[in-house]
Amino acid sequence: MEIELKLLLAQEDAWRLRAHPLLAQAAQGPLVLQMHDIYVDTRDLQLCRHQAGLRVRQVDGRWVQTLKAGGTVSGGLHSRHEWEGEVPGPQPDLAALDAAIGRKQPIRALLRQDAIRDALQPVFTTRIERTVWQLRTPQGDEIECVLDQGVIESGADGADGAIRSVPVSEIELELKQGQAASLFDVALALLQEVPLQLGHMSKAERGYRLVAQQPLRAVKAQPVALDAAMSVEQAFLAIAGNCLEQVSGNQDGVAGGADVESVHQMRVGLRRLRSALGMFKSLLVLPDALKSELDWLGGALGEARDWDVLAGNTLAQLDGEAQADAAALAQAAHAQARLKHVEAAQAVTSARCTACMLGLQRWLQARAWRDSCSVRQARRLDAPVSPFAHATVRKDQRRLMKRGKRLLHASPQQRHQVRIAAKKTRYATEFFASLFAARAVQPYVGRLSALQDELGWLNDVQVADRLLQQLPDVQADQADQVDQSAHDGLRLHAAFIRGYLAARAQAQGKDGRMHKAWRRFKAARLPA
């Protein structure tokens, strides 16, 4: 299993890396290599579809083939299965790969198919200058630090024979021996001198995206795979890793500055992570500094998301007598949402965000909570996860039932507390779902979701009221020259829609839908 941390840097900052004191102390290096990689696949990219990449690399006059498959990417940390060996030329040796791959690996069966073997062809190439340093940490861990600079090129495209390309400028820290936490120590040290971002895509993934010309897509939460043999601590690590996969999977989409769904899904990933940390807080506590940074990042995404919901959902759904006023406001709200997307993009591409994610991953990899936990906490962390899962879901449901007793006559603040409790209960149930019977989980989560939908719309109205109060003055502050008539008109539109939404929210509270959703949830059987 290859374990490496990928970091991106601007080409003009490469000199900062080369001059870094940490690399000056390298046990070996720098070694400079010229590399030419040929990635092969079928015309319809079957290897890519199975999350695999096969390349043949020419370096120093010899050819080496490498197959990478499976694994995960979480917070910039790439863990993949890798098989490598020398070959006589630029063609892959599938027989040698077959002998090297373990029998239980799905990729082995795929490469044994004649239709796949006969259809392999070059799909893109890379030309890279690689500079290598061999590092040894004070703890004795061995890490290879690599600076890659060059280009990824696709084949000729269409009748014009054009060749598409993307530049490469990245650092790879590969663990050769020792603990994965040391990768983050080195990365944080480099970040002190070099502006860096976490890299979430391998060169293979970037090459395939170039070939297929696929747009970035938002990444939704995937099911968490737990089993009863896991300890509580192992379950926490699996859940936290799952949340970070969702966060990191959407970071490039947010960095693009325009994708509404990527912002939403990255924010959901952070909220799921904070919920998971809350579930386990009696056993392990995130350091205050990291908690503060997660709150900052969530806030940057939250502002963009709030304006997106106002412009694209709340105002867009209004009709009848409110439609004209809503349309006038939606244009201004969309403009504000675009500005908040730019700010969110700046946040996720900042050194501050990089330091936050590196610090969080280091805390997880080192299991740093063990340094301060009591003997009792350590025993509970090592205990089987199932009793903890059942107790957690039961506790969350009790809290929700208590807060929901007066739901039908609750104030907006009280409804908000019920919504938060419902969200935490849902997240906990989904985190531990693989430990419960599926036939019990699905109806329970479904009724929770229906309740969340009713409470969520009412919360959107509260957020809309706050933003609509701000909107006229925010727009005026950002204008080069204020049109007082237009400003007064926008204020009147906002006042009307605020009143209209408040009336609709009051009516919805009386029309029985929330009452019905609450009654259906109360009648649901707890999966645990």
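The model is predicted: local features need pLDDT of at least 70, side-chain atom pairs count only at pLDDT 80 or more, and totals for chains, interfaces and linings use all residues. Numbering starts from 1 along each chain as its sequence is written, and side-chain values use heavy atoms, without hydrogens and water.

**View 1. Helix 10 packs against helix 11.** Axes are lines fitted to C-alpha atoms over the stretch in contact, and angles run from 0 to 180 degrees between N-to-C directions. Helix 10 and helix 11 are therefore oblique to each other. Contact means heavy atoms within 4.5 Å. On the helix 10 side, the contact includes V260, V263, H264 and M266; on the helix 11 side, it includes L294, D295, L297 and G298. By class, this contact has 10 nonpolar, 3 polar and 6 charged residues. Ala, Val, Leu, Ile, Met, Phe, Trp, Tyr, Cys and Pro count as nonpolar, Asp, Glu, Lys and Arg as charged, and the others, Gly among them, as polar.

**View 2. Helix 9 crosses helix 12.** The axes of helix 9 (residues 232-255) and helix 12 (residues 323-348) come within 8 Å. They cross at roughly 130 degrees. Helix 9 and helix 12 are therefore oblique to each other. Q251, V254 and A255 in helix 9 meet A344, A345 and V348 in helix 12. The contact has 5 nonpolar, 1 polar and no charged residues.

**View 3. T314 lies in helix 11.** T314 is buried, with a relative accessible area of 5%; buried means under 20%, exposed over 50%, partly exposed in between (1.4 Å probe, protein chains only). Beyond four places in sequence, T314 touches V309, D460, A464 and L501.

**View 4. M357 sits in the largest nonpolar core.** A nonpolar core is a set of buried Ala, Val, Leu, Ile, Met, Phe, Trp, Tyr and Cys residues joined through side-chain atoms within 4.5 Å. Of the 121 residues here, L173, M357, W363 and F432 touch the most other members. Helix 17 (residues 438-478) gives the largest share, 14 residues. Beyond four places in sequence, M357 touches L198, L244, V247, L294 and L297.

Methods: Helices (H or I, at least four residues) and strands (E, at least two) are DSSP runs, numbered from the N terminus. Angles under 35 degrees count as roughly parallel, over 145 as roughly antiparallel, 65 to 115 as roughly perpendicular and the rest as oblique.
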